Amino acid sequence: VILGIVPGASIVDISHAAGPQNIAEGSFLLQSAYRYFPADTIHVGVIDPGVGTERLPIAVAMPHGVFVGPDNGLFAPIVLEQGLLELSGTLEPPGRAVVLENPAVRLPQVSATFHGRDIFAPAAAHLARGIPLQDLGPVLETIKVPAGRGPRRDEDGSIHGEVVHIDHFGNAVSNIPGSWLNASATVVAAGRAVGRLVETYQTGTLVALTGSTGLVEVAVTNGSAAKELDLHVGDTVQVLER
Amino acid sequence: VILGIVPGASIVDISHAAGPQNIAEGSFLLQSAYRYFPADTIHVGVIDPGVGTERLPIAVAMPHGVFVGPDNGLFAPIVLEQGLLELSGTLEPPGRAVVLENPAVRLPQVSATFHGRDIFAPAAAHLARGIPLQDLGPVLETIKVPAGRGPRRDEDGSIHGEVVHIDHFGNAVSNIPGSWLNASATVVAAGRAVGRLVETYQTGTLVALTGSTGLVEVAVTNGSAAKELDLHVGDTVQVLER
Amino acid sequence: VILGIVPGASIVDISHAAGPQNIAEGSFLLQSAYRYFPADTIHVGVIDPGVGTERLPIAVAMPHGVFVGPDNGLFAPIVLEQGLLELSGTLEPPGRAVVLENPAVRLPQVSATFHGRDIFAPAAAHLARGIPLQDLGPVLETIKVPAGRGPRRDEDGSIHGEVVHIDHFGNAVSNIPGSWLNASATVVAAGRAVGRLVETYQTGTLVALTGSTGLVEVAVTNGSAAKELDLHVGDTVQVLER
């Protein structure tokens, strides 16, 4: 669909491996990648369990490019970390989000179940060929923010988060920023003390480290932490400072 | 291989997830996608259990581009739905299919087990750089049509088909066109009544709907129909009109 | 990362399916593909269990392009088969390998765990835009050669190797070149006689043949040899000449 509108477009598949309907994992995958793309990139994200219902199709312009997809919280973590969103969901400053309503930037027939093909891909392609954001549809002032299971710091200094991704190697990536921890932190995953932070995967057997995305992850050297600790997306990760 | 012949070619991977030797699933994947490509696309399909035997390597020119691959029935459903093939396998009008015999459009060494690399990819690349179809080899008047397990309508109004694809979400896609059904149809999969047709995935628990490919599929909202009903490619799907 | 440095670069994903930390399988996948790319290709290979430790990041220029990745033996089989490496690990003639030390061809922040993104991709991109190999860093005279489980011929004429890859179809590919065998060879995998060499997958039930990579593989017609014989990467394959 994209190449039919913008012949020669550079299309990069980031991942098709997010768990079905797993918006949090989709957000994580986008967050891992978007900063490394040229600033004029159009990012398309389609984790879309509500496709065909009342959820809005949107585009949000940011310093790292325009994000196109469903308004279900998928892009909220990125808009938040870019400082462009209040926790209530109000975009601040306003004007950078639109609803994809213009029929001229959709396929002629829009199915009820595949807006990735019928709405998001053509909208992204028209943006890539240079049409202004405002031509896609009316401005949207608020976007959906997912109910927070994000990391939090308690008064006793402990940090609480969850596993947001299991990678190809079985490393369990949490949503806890490595920058929140000091060198003496102890990481606890699925109720088991993993130990102190290390620098690389080769330093011990069961280790915790700040991974390449800047987030704390749990790993087993040359093995699978997910298998060994029976970890899944959504499991609790805690950090105790001592 | 393609980029060595046509530097800068746009190459799009549709899927590598068809079941091994599953020609029907390969046909379905091609059918899902080909209409959305520019009309000058070269479509390469390599589900090729008979590679290296007497089955012919072919190219078939159609309004949506040229299809390149083995003559084992993989492209027949598309040629049929384009109205260019009789059920006997005779192409009508003739002249749009050739056998890939010209050694100048093959790799210098052709293996017995990987014609995707040695015959189909170079043929597609030469077509993409503009050589005429006739330069690939002699005209072929008939192509192979797979033994039909396609959908049929019985005298009592019931429709019989089969599962042709289980998607990433566990949705079971049948080969029954949604356009054959009226609004009161009841879908039965693996002997279990799924219920009436709905519009989107969010309308019930176990649902049947016309999916984005225009075919009837069985889905579980936020779950896997394939797991819940133990559905597999090849299983029977029936539609009873009431 | 690459497109940010070389807009419009042609990027081809060969595979992300090598087993975690499986350097031998990574070498096999690269060996299967590199000859079919244009000679000015930059090949990036990142099977990198030692990322962030003392293992060196390197680039090796060869007739089929420049290879960029970790110095852990991943590229050694290719340098060996190109006749540019002694078994001791000394490059001969010297001058074709460098250590990727120049900070100007790395991302500004280099993580300890993802050199594919931070070192190898940018180095490859700078090579693709035309900078000389010598600008990447100092010349390296030796590279690491993996401890050999490569194929060997015994005095009695028998050949001993191992499974290096299980493909999508369940075919078990060994590291034994088909050119080593004569027509009367008997192949033994996992202790079971597979039988004599055939030409195509359709010739018998359990068969051995020289596959499209030039290596001996074990296959089950329309089935999975890996499942039927319980074969895994690393299992022994023997050839007995009779």
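Analyst: Let us begin with one pair of residues in chain C: the bridge partner of L197(C) is A208(C), which lies in β10(C). Please keep in mind that this is a predicted model.

User: Which way do β9(C) and β10 of chain C run, and how many bridges join them?
Analyst: They run parallel, and 2 bridges join β9(C) to β10, the strand of residues 206-210 in chain C.

User: And how does β9 pair with β8 in chain C?
Analyst: In the antiparallel sense, over 4 bridges; β8 covers residues 186-189 of chain C and β9 covers residues 192-198. Within this pairing, T186(C) has R196(C) in β9(C) as its bridge partner.

User: What sits between the strands of that β8(C) and β9(C) hairpin?
Analyst: There are 2 residues between the strands, and in this hairpin A190(C) takes a positive phi near 50 degrees.

User: What holds paired strands together, in general?
Analyst: Strands of a sheet pair through backbone hydrogen bonds, in either a parallel or an antiparallel arrangement.

User: Let us change topic. In what order do the strands of the open sheet in chain C come?
Analyst: The order is β1-β3-β2-β4 in chain C, with 4 strands and mixed pairing. β1 (42-44) and β4 (97-99) of chain C stand at the edges with a single partner strand each, so one side of each has no neighbour in the sheet. From one strand to the next, the twist averages 20 degrees.

User: How is β1(C) joined to β3 of chain C?
Analyst: By 3 bridges, with β1(C) running parallel to β3, which spans residues 65-70 of chain C. I42(C) stands opposite V66(C) in β3(C).

User: Which strands does helix α4 of chain C lie across?
Analyst: Helix α4 (residues 115-128) of chain C lies across β1, β2 (57-62) and β3 of chain C, and runs at about 165 degrees to β3(C).

User: Now chain A. What is the strand order in its open sheet?
Analyst: The 4 strands of that sheet follow the order β1-β3-β2-β4 in chain A, and the pairing is mixed. Its edge strands are β1 (42-44) and β4 (97-99) of chain A, each of which pairs on one side only.

User: How do β2 and β4(A) run relative to each other?
Analyst: They run antiparallel: 3 bridges join β2, residues 57-62 of chain A, to β4(A). One of the residue pairs is V60(A) with A97(A), its bridge partner in β4(A).

User: Where does helix α4 of chain A lie?
Analyst: Helix α4 (residues 115-128) lies across β1, β2 and β3 (65-70) of chain A, at about 165 degrees to β3(A).

User: Next, the interfaces. How much area is buried between chain A and chain C?
Analyst: About 1,300 Å², of which carbon and sulfur atoms give 61%. Y36(A), H168(A) and S212(A) supply 37% of the area that chain A buries against chain C, more than any other three residues.

User: How many residues take part in that contact between chain A and chain C?
Analyst: Chain A contributes 15 residues and chain C contributes 19 residues.

Key:
Residues are numbered from 1 along each chain as its sequence is written. Chains are lettered from A and ligands numbered from 1 in the order in which they are written. This is a predicted model: local features need pLDDT of at least 70, side-chain atom pairs count only at pLDDT 80 or more; totals for chains, interfaces and linings use all residues. Side-chain values use heavy atoms; hydrogens and water are left out. Contact means heavy atoms within 4.5 Å. Buried area is the accessible area (1.4 Å probe) that two parts lose on being put together, summed over both. Two strands pair if DSSP finds at least two bridges between them. Axes are lines fitted to C-alpha atoms, for helices over the stretch in contact, and angles run from 0 to 180 degrees between N-to-C directions.
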